[in-house]
Amino acid sequence: MTDTPVIQLSDLSIGFTGRAGHTLPVLRNIDLTVRPGESIGLVGESGSGKSTVALAAMGYLKRGLRVLGGTARFEGHDMFALKRRELETLRGGQLALIPQNSGQSLTPTLRIGAQLTEALRLHSRLDPAQFPDRVLELLGQVRLPDPQTITRRYPHELSGGQQQRVAIAMALAGEPRALLLDEPTTGLDVTTQAHILELLRDLARETGMAMVYVSHDLGAIARVCDRVVVMYAGEVVMEGSARQVLTAPTHPYARGLLASIPKLSDPHLPMALGGRPPAPGGAGDGCAFVDRCALASDLCRATRPMLAPGPGGAPVRCHHADRADTLPMSSQGDHAARAEAGTAPVLSLQDLEIRYSRPGLLDRLRGREDTRPATVDDITISIAKGETLGLVGESGSGKSTILKTIAGLLPPAGGEIRFDGDAPLPRSVEQRGPDHLRRIQLIFQNPDDSLNPRHTIAEILEQPLKLYFGLSGTALQDRCVEILERVRLGGHYLDRLPSQLSGGEKQRVAVARAFAANPDLVLCDEVTSALDVSVQAAVLELLNDLKAAQGTTYVFVSHDLAVVRALSDRVAVLYQGRLCEIGPSAEVYALPSHPYTEVLLGAVLEPDPDTAPKLTADDVIELSPPAKGCPFQRRCPRKIGARCDTDTPPWQTRDDGHAIRCHIPLDDLHRQQQADS
Amino acid sequence: MLQMFLRRLFLGAITVAIVSMIIFAGVEILPGDACTAFLEREAQGRVLENCREELDLNRPAVVRYLDWASDALRGDLGVSANGQRSIAEMVGARLQNSLLLAACALIVGVPTAIFLGVVSGLWRDRPVDLVLSTGAIFAMTIPEFVSATVLILVFSVWLGWLPGIVLTSANAPASEFFPEIILPVVVLAMVMTAHILRTVRSSVIEVMNSDYVQMATLKGVPYWRIVFRHALPNALLPAINVVALTIAWLLGGVVVIEVVFNYPGLGRMMIDAISDRDLPVVQAIALIVATVYVGVNLTADLLTMVANPRLRTLYTRK
């Protein structure tokens with residue numbers, strides 16, 4: 001292996017022309033060297049320019065961007081000076097990209113086989129007669145089952161994980177010397193993500209390709225990268241070995257980022273990183289991070305620090321790198337507010353059954369029963385006042401469906417929902433009275449979709465206040481300001497439109513809208529999944545403060561087990577719409593676990609290069625739950641035999657309320673799991 | 001897939017049936033009937049009675065509707081009130097003429113529209129796009145009778161290249177309509193080209209900005225191959241429905257053009273029948289136009305379904 005760099009960015013600046021005609025830089029003086037076989041992680045918040053760096057390495061700029069200075073070289077070729085024809089031979093051949101959202105990056109009208117063959121025709125020296133075999137070989141290499149069938153499928157017929165594997169196979173078709181990965185596992189389930197990352201690690205080792213891995217997920221970076229580059233506001237702020245950056249970061253931003261990540265082993269709330277990054281061109285003369293930095297001094301405001309070796313030798317862009325170790329870097333936030341024991345249940349679900357499919361008209365006329373298994377079935381949970389119940393599971397596990405049903409948006413097919421000890425709640429939202437509607441509020445995953453883009457923040461907040469409390473005039477105005485202040489936004493936000501707010505601010509408005517109704521029960525549907533980790537920490541903190549102040553009860557749905565752990569009193573694990581395990585968070589996250597919980601927990605990636613995920617089951621997708629037996633029978637690593645296929649497992653409950661639904665006696669399960677870990 | 005097709009066909013048939021009821025009811029509610037229209041001032045007393053007797057107008061409306069509908073199903077649209085001629089024959093010739101006009105306009109318009117739409121989408125915001133987009137807006141907003149008149153003035157009055165008005169009789173064979181048909185075709189093609197062009201343009205722009213086109217670029221696929229293999233099959237899907245609406249419009253809604261050029265098509269026949277208060281003919285044409293609309297839209301939906309793998313696999317793979 002030679003030491004000539006595969007990819008070399010030198011003093012690269014990229015920007016666009018703003019509305020006022022100024023040139024606004026998106027990337028400032030980036031130097032990045034990737035050597036053969038090396039894997040480098042690019043981390044930073046959204047907007048830090050990390051994806052732009054990866055695309056620039058391919059000589060590609062998003063619409064509107066242009067190079068302001070510097071060069072991007074791939075094996076000596078100046079990518080921005082090459083002709084289109086020359087770029088076409090390099091791209092996808094020696095230099096390949098794996099995109100963030102493969103679902104949207106595969107052409108919808110072409111079969112998988114055709115798209116892979118195209119990549120081969122463009123970049124492979126093989127005889128065209130060998131293409132079909134090579135396609136199968138590539139699909140096998142990324143461990144897709146039944147490659148023959150996959151080639152005939154269209155992209156939309158594959159699951160997210162399968163699409164991502166196809167994208168990887170396509171990148172491998174040209175036998176690349178460098179692979180750029182733009183958030184390749186964001187949006188995938190934890191188990192799928194862990195499997196894809198293992199695959200990438202193995203491939204990099206087998207083929208000796210260099211990798212540039214762009215992600216905001218430090219856990220994923222820790223798993224695949226040797227070296228980590230931390231980006232902030234279009235600059236490199238720190239660079240070093242993965243161990244150095246993740247365990248002893250010398251830049252305050254890197255420390256803040258680490259502290260804002262919730263960790264499985266740590267029941268504290270993560271620490272929020274206050275403020276927001278400057279807009280392009282807004283960094284001024286000083287350090288870009290100055291407004292959010294605890295170490296900021298007059299020097300930081302006046303002069304921009306240079307990237308220079310810091311304590312420990314790693315290059316860092318900070319005037320006070322020597323004092324960075326005084327800043328916390330683990331989640332030392334508050335403990336989540338806890339419910340008082342022994343209070344009456346606010347919400348209880350009894351044998352809840354939910355179906356999306358409705359029998360066709362003909363079947364209804366003939367009086368035929370729907371014999372397919374229900375999407376969600378047999379859910380019995382009760383939630384005490386002031387308690388936070390976490391619902392976890394992979395996509396398709398029915399967690400959001402249950403929330404919709406509690407909110408009345410999706411009437412259940414069977415069972416009942418009792419609220420505050422009353423008679424059963426009416427099934428659908430149309431039949432519920434204003435008081436019930438007020439007391440149960442829902443916060444959605446994506447504030448971009450849930451806030452009307454044409455309503456000002458004032459209009460958004462006034463709606464529940466007028467509707468439920470009949471406020472008007474100055475009383476209404478005052479109340480809006482008060483609510484905004486409670487979510488740590490000021491009254492000056494009232495006249496703004498959602499598009500003028502950052503992602504975190506928008507989600508705060510969504511939280512404010514829910515709390516404007518003064519609810520007793522708030523249903524949170526993946527409320528932090530669309531946010532950056534630093535912002536996520538702030539929203540978690542906010543939810544926790546509101547709960548402590550008002551004794552609100554939460555049902556908190558997330559696919560992120562660490563987030564759920566930080567906030568929840570009790571956790572319920574769902575698989576295929578069926579409960580597997582439920583209990584106090586500390587118990588659910590400790591042994592013994594339901595085999596499915598064990599698989600989920602094993603796949604979580606910690607931002608620590610010394611830990612490895614424990615992968616047990618395959619990340620196969622299941623489209624519908626099995627008709628009988630244990631819902632997890634097909635993937636269970638601890639399956640004991642035919643009984644799992646035929647009999648529904650019993651609940652095994654312990655004294656502390658921790659219950660696991662499994663055929664294996666808890667003591668045996670505990671012993672097996674202890675032996676394996 | 002077949003089941004799906006049959007279901008849509010069934011729903012289409014129901015739509016036509018409901019439309020036919022509305023048409024029949026509408027004509028029924030109008031003051032007067034075929035006899036009062038036909039007899040005009042003599043419509044009174046014995047004569048009117050006889051006429052109604054003869055045309056079976058005294059039976060309940062429901063019975064007459066069922067008769068009319070079942071006859072129409074067999075292709076018998078009854079006789080006109082004026083002159084007692086077979087409507088099927090009269091309409092048949094006009095329908096052929098309308099189809100001829102529509103076919104010519106489509107053959108000229110659709111390929112031009114798609115080509116220009118793709119060009120202006122690919123060269124977005126460049127001079128060629130500005131010219132085409134502005135031109136399209138003009139073609140859409142200038143009323144057809146104005147552009148028709150201007151074209152007649154230029155090409156037949158000033159230059160004398162083309163006949164400005166159609167003199168061929170309604171029953172003449174298709175070939176005799178040339179070259180008289182050229183100007184009406186040009187006017188129609190202009191309007192429809194503008195509509196289709198704008199749809200294709202915005203759809204091309206959207207697709208060229210999509211993640212999969214970016215991916216194809218970064219995969220090293222040559223530009224024109226991206227355009228033809230990755231972008232256009234997706235970008236042209238929305239065009240199918242616009243073309244379908246255009247076809248329906250060409251067959252029933254181009255009255256103004258037919259009047260300006262004196263073209264003997266279905267639209268002008270309808271207008272004539274309305275002014276003559278020839279209710280059976282009005283009824284028959286309305287029914288035909290409605291059927292065409294339903295049929296064309298059904299075809300478009302099915303085509304979209306065949307062309308779009310997302311929809312196709314929904315029915316072929318369970």
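**Chain A and its contact with chain B**

The contact takes 33 residues from chain A and 26 residues from chain B, where contact means heavy atoms within 4.5 Å. T109(A), E118(A) and H156(A) supply 19% of the area that chain A buries against chain B, more than any other three residues. This is a predicted model, in which local features need pLDDT of at least 70, side-chain atom pairs count only at pLDDT 80 or more, and totals for chains, interfaces and linings use all residues. Residues are numbered from 1 along each chain as its sequence is written, and side-chain values use heavy atoms, with hydrogens and water left out.

**Interface**
- Between them, chain A and chain B bury about 2700 Å², with 53% of it on carbon and sulfur atoms.
- Buried area is the accessible area (1.4 Å probe) that two parts lose on being put together, summed over both.

**Fold of chain A**
- Chain A has 25 helices and 23 strands, which are DSSP runs (helices H or I, at least four residues; strands E, at least two) numbered from the N terminus.
- The C-alpha trace of chain A spans about 75 × 70 × 50 Å along its principal axes.
- Of the contacts in chain A with a separation of 6 or more, 69% are between residues 24 or more positions apart.

**Burial and surface of chain A**
- Of the 677 residues in chain A, 56% are buried, meaning under 20% relative accessible area (1.4 Å probe, protein chains only).
- Chain A exposes about 27800 Å², and carbon and sulfur atoms supply 49% of it.

Conventions:
Chains are lettered from A and ligands numbered from 1 in the order in which they are written. Buried means under 20% relative accessible area, exposed over 50%, partly exposed in between (1.4 Å probe, protein chains only). Accessible areas come from the Shrake-Rupley method with a 1.4 Å probe; for residues, only the protein chains shown count as cover.
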